Amino acid sequence: MSVCAAAACLALGSAASAAPVASNTSPTSLQVVHWWTSDGERKAVNVLVTRLSDDNIQWRDAAIPGGAGLGASKVLKSMVLAGKAPEATQLNGVVFGEWADLGLLLELDDVATPGNWQKLLFPTVWSLVHNRGHVVAAPLGIHRINNLFYNKKVFDRLGLTPPKTWADFARVAEKLKQAGITPLAQSSEAWQVATLFETLVLAESGPAYYRSLFVDLNPAAFGDARLLHALKRLRDLKEWMPTPLREQAWPEMARQLADGSAAMYVMGDWAKGELLAWGLTTDQDFACATVPGTGDYHLYSVDTLAMFAGDYSHQPAQEKLAQIVMSQPVQTDYNRLKGAISVWRNPDLSKMDSCARASWTAFSKGAAFQAPSLVHRMAADETSKDAIVAEVHRYFIDGRMSEVEAQRRLANIARTMSKTDGRP
């Protein structure tokens with residue numbers, strides 16, 4: 001499956017082959033499209049802005065608000081189709097190959113080869129940015145998504161410890177509820193619901209089954225009882241969420257955790273970056289555990305920047321940005337503020353907090369312990385991802401739909417996508 005509809009892909013291909021994407025701006029400035037707009041994300045981005053400025057290159061910000069990059073993806077496609085592609089853009093996951101195959105992305109081999117990226121990077125990250133023998137993106141950091149953040153002061157006051165099993169979770173949640181505290185912060189926004197769901201799938205199954213579902217889109221896997229259990233768990237957890245559930249941005253959920261009105265929150269570790277930006281301290285104000293059943297696993301998303309080839313007048317500045325992104329000081333400072341971990345196999349662990357070290361340890365175990373996030377574009381194409389997210393959200397919101405019906409509908413999506421892809 002392609003990331004865009006057939007007509008749009010043909011249009012992109014035509015735009016790529018008809019003429020290079022021209023730019024009227026100085027080669028010493030780079031327009032960058034991204035969706036890093038929260039407080040913690042802005043602090044992390046400013047590391048790149050400042051370091052680029054040290055080389056007399058201006059970062060021209062084109063930040064598009066919206067969780068999970070939903071708005072930014074649409075804006076980016078519109079810009080490219082209009083012949084106004086930015087010089088750089090945040091891209092996540094499997095879309096690299098599709099953009100690169102259209103001839104739109106600048107190959108970064110002249111930076112990656114002398115920089116020895118293949119040796120420096122985790123193999124999973126190298127595979128992600130390496131397409132048909134060329135490096136087509138600069139990786140910034142690795143996010144862990146199966147985190148269970150908890151308000152440490154609330155837990156300490158009530159004599160609670162972070163739950164390691166779902167039975168523990170229920171006992172902790174009940175005590176929190178009796179104390180008048182919402183046990184689990186949660187928004188009804190579709191991508192946030194699906195982020196919780198993919199974590200529950202990993203908890204029920206482990207990475208191998210998870211990949212069969214969301215990477216292979218194996219219709220038989222969608223009929224498995226483990227998917228049914230994850231759907232039921234998602235529904236059961238509503239008991240511990242705010243009432244009524246409202247559609248709120250993820251920083252609002254992090255704010256509830258920070259002020260103690262909610263005690264736990266399942267989210268990617270960009271939430272940690274937000275809490276740190278507000279002046280909270282790891283292991284004092286809040287702490288990190290993992291969602292029950294996922295302690296050995298790493299549900300991941302990778303921050304990356306890709307460069308559009310255009311007329312190549314910006315190539316020196318674009319290559320300098322890629323070089324900066326992969327430098328050790330930027331890897332350390334960016335990820336400390338963003339909440340993520342370095343893409344380097346051997347980063348400076350002394351500069352990581354307990355959450356980051358746990359993330360690095362889990363990711364370092366290798367591909368057998370890693371699961372690429374569906375919601376954050378690491379696992380499947382955009383069309384498949386959107387269809388699954390929408391169906392999970394429909395089930396979550398509509399209490400009349402049974403988990404059996406939701407499983408049937410998800411299996412239908414997988415069968416449809418398999419036929420579209422030409423798979424048996």
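Phe122, Tyr300 and Phe363 form one aromatic cluster in this predicted model. The structure holds nine aromatic pairs, and the protein chain is divided into two parts, domain 1 (29–144 + 302–365) and domain 2 (147–299 + 372–421). The points below describe selected ring pairs, charges placed over rings, and the contact between the domains.

**Aromatic cluster and ring pairs**

- Within the cluster of Phe122, Tyr300 and Phe363, tyrosine 300 and phenylalanine 363 form an edge-to-face pair, with 5.5 Å centre to centre and 90° between the planes.
- Tyrosine 300 belongs to strand β11 (residues 298–307) and phenylalanine 363 to helix α17 (residues 354–364), so this pair ties together parts that are 63 residues apart in sequence.
- Tyrosine 300 counts as buried because its relative accessibility is 8%, under the 20% limit.
- Phenylalanine 363 is likewise buried, with a relative accessible area of 1%.
- Among the nine aromatic pairs is also that of tyrosine 150 and phenylalanine 155, which is tilted, at 4.8 Å centre to centre and 45° between the planes.
- Both tyrosine 150 and phenylalanine 155 are buried.

**Charges over aromatic rings**

- The charged end of arginine 255 sits over the ring of tryptophan 278, at 3.6 Å from the ring centre.
- Lysine 238 lies over the face of phenylalanine 396, and its distance from the ring centre is 4.7 Å.

**Domain arrangement and interface**

- Taken over C-alpha atoms, the centres of domain 1 and domain 2 are separated by 26 Å.
- At the interface, 33 residues of domain 1 are in contact with 32 residues of domain 2.
- The two domains bury about 2500 Å² between them, and 52% of this area is on carbon and sulfur atoms.
- Two salt bridges are counted between domain 1 and domain 2.

**A salt bridge in detail**

- The side chains of aspartate 353 and lysine 272 meet in a salt bridge, with 3.0 Å from N to O.

How values were computed: Residues are numbered from 1 along each chain as its sequence is written. This is a predicted model: local features need pLDDT of at least 70, side-chain atom pairs count only at pLDDT 80 or more; totals for chains, interfaces and linings use all residues. Side-chain values use heavy atoms; hydrogens and water are left out. Rings of Phe, Tyr and Trp (its six-membered ring) pair if their centres lie within 6.5 Å; planes under 30 degrees apart count as stacked, over 60 as edge-to-face and the rest as tilted. Buried means under 20% relative accessible area, exposed over 50%, partly exposed in between (1.4 Å probe, protein chains only). Helices (H or I, at least four residues) and strands (E, at least two) are DSSP runs, numbered from the N terminus. A charge sits over a ring if NZ of Lys or CZ of Arg is within 6 Å of the ring centre and within 35 degrees of the ring normal. Domain bounds come from an automatic or database domain assignment. Contact means heavy atoms within 4.5 Å. Buried area is the accessible area (1.4 Å probe) that two parts lose on being put together, summed over both. A salt bridge is a side-chain nitrogen of Lys or Arg within 4 Å of a carboxyl oxygen of Asp or Glu.
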